[in-house]
Amino acid sequence: MKVIAAAGYGPLERMAQVEAPLPEPAGGEVRVRVVASALNPADYKVILGTMKFLHGRRRPLVVGYDFSGTVDAIGPAVTGVAPGDDVFGFLPYGPFNQQGAFAEALIAKCDAIAKKPASVPHERAAAAVTTGLTALQAIRDVGQLPATGRPQVLVTGVSGGVGSMAIAVAQRLGATVTAVGSGRGLEIARRLGAAAVIDRTKQSVPGHLSAQFDVVFDAAAAYRWREWRGALKPNGTYVTTLPSLAFVVDKFRSLLAGSRVGFVNVKSRATDLRLLASWLEDGLDVSVLSTIPVREVPAGLRRLKEGGGRIAVRVADGF
Ligand SMILES: NC(=O)c1ccc[n+]([C@@H]2O[C@H](COP(=O)([O-])OP(=O)(O)OC[C@H]3O[C@@H](n4cnc5c(N)ncnc54)[C@H](OP(=O)(O)O)[C@@H]3O)[C@@H](O)[C@H]2O)c1
C-alpha cells in the first residue's frame, strides 16, 4: 500500500510517498481503508523529533492520527462491525503506536472506533475526531463540568482545531462559553455561538476576569493555572493539553488552593465516539480551514505549524 512517510526524524519536506506492506488484522482488530484524515500538531512534533514519545520509532515513520474510512477485513473475535461499514476514530498517541493514517490502510481495535453516520462526509468525521474527543474529555471528565445550572467555560486557542471544537462541544454539554483567541479565531468563536470573545492580542489575558468559570480549558496550552486561579470558581478546574514542569509545580500548589489543575490525555473510547457521531449527525459545527490531498501533507504541516487551524486530508484519492 501507499503511505506518506519520513525515513527518520528531520525536516517535514523530506516526507515522501513510499510502499509499505498491507497490514493484517489480529484478534479484536479490523482493517480500515482510509478515505480521509486530518492534520494535528502531533504529526509535525513527531517528524521533527521534538516529541518523539508521541509515536513508535519504527522506520519509515508514518504519522497521521485521525481517520475515517471503510472496514475491508476483520480479525477473529470482532463484534459490532463488519466489512463494508464506514467507521471513524483515531490512532493512539504513544510509543506503542507504529502506524499512521497518511496511509491507504490501517489497523484499528474494534472497541476504539464507531460507525460514521451516512450523512456525515468522511472529511468532516476525520476533522472532528481527535479534536472533538480531546475537548469532550477535557471539559466533561478532567474539568468535571457541572451537569446542571448553565456552567461557564472559558476556552483558549480558538482558531486551532481543539479550541474551535471545544466551543461547540462545551455548548452541547450545556455550558456558556467565553472564547480567547486572535484573528480568524475570533470570527470562528462568534459563528460557533460563544457568548463572549476576548482578543488576546488586544487585551491582557486573563486580565481582571472575576471568579466566574467552572472550567478554563487552555486548548492552546499557552498559560498556567496560577494565572487563571483568580478567574476560577471555588472547585473550578484549569485543564491544559500539554504536560510540562510548570504543570507539575501548579498541580502541587493547587492541592492547597480552592481550585484544581488537570491535563487531558485523549483516549479513543467507543462510547465517546458514538456521542460525537450523534452530534455530527445533528449538525455539530466543525471548523475546517481547508482540505488537501495526502500528497500535500508536508506543506500542510508547515502551514499548521505556522498558523494553527484544522486541515482535513483526502487520503483514498490523494496520493
Ligand atoms: N493532550 C492531548 O490529548 C492532546 C490532544 C490533541 C491535541 N493536543 C495538543 O493541543 C494543542 C492544540 O492543538 P490544536 O490542534 O488546536 O493546535 P493548533 O491547530 O495548532 O492551534 C493552536 C492555537 O493556539 C493558539 N495559540 C498559539 N500560540 C499562542 C500563544 N502564544 N498564546 C495563546 N494562544 C496561542 C492559536 O489560536 P488563537 O490565535 O485563536 O489564540 C492557535 O491556533 C497542541 O499543542 C496539541 O499538540 C493535545
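Predicted model: local features only at pLDDT ≥ 70, side-chain atom pairs only at ≥ 80, totals over all residues.
Me: Which residues of helix H8 are buried?
Reply: In H8, which spans residues 297-307, the buried residues are Val 297, Gly 300, Leu 301 and Leu 304. Looking down the axis of H8, these buried residues fall within an arc of 100°, so they line one face of the helix. An α-helix has 3.6 residues a turn, so residues three or four places apart point the same way.

Me: And what covers them?
Reply: The cover of the buried residues of H8 includes strands E1 (2-5), E14 (290-293) and E15 (311-314), together with helix H1 (41-47).

Me: Why does Val 297 count as buried?
Reply: Val 297 has 28 other C-beta atoms within 10 Å, and the cut-off for a buried residue is 20 or more. Apart from its neighbours within four places in sequence, Val 297 is in contact with Ile 4, Met 15, Phe 102 and Val 313.

Me: Changing topic, where are the cis peptide bonds?
Reply: One joins Arg 59 and Pro 60, with omega about -10°, and Pro 60 lies in the loop between H1 and strand E4 (66-74). Another joins Val 205 and Pro 206, with omega about 5°, and Pro 206 lies in the loop between strands E10 (196-199) and E11 (213-218).

Me: What about Asn 235, is it buried or exposed?
Reply: Asn 235 is exposed, with 11 other C-beta atoms within 10 Å, and its place is in strand E12, residues 232-240. Although Asn 235 is not a glycine, it has a positive phi of about 70°, whereas most residues other than glycine have a negative phi.

Note on methods:
Residues numbered from 1 in each chain as written. Buried ≥ 20, exposed ≤ 12 C-beta atoms within 10 Å, placed from the backbone. Helix = DSSP H or I, 4+ residues; strand = E, 2+ residues; numbered from the N terminus. Arc of directions from axis to C-beta. Contact = placed C-beta atoms within 7 Å.
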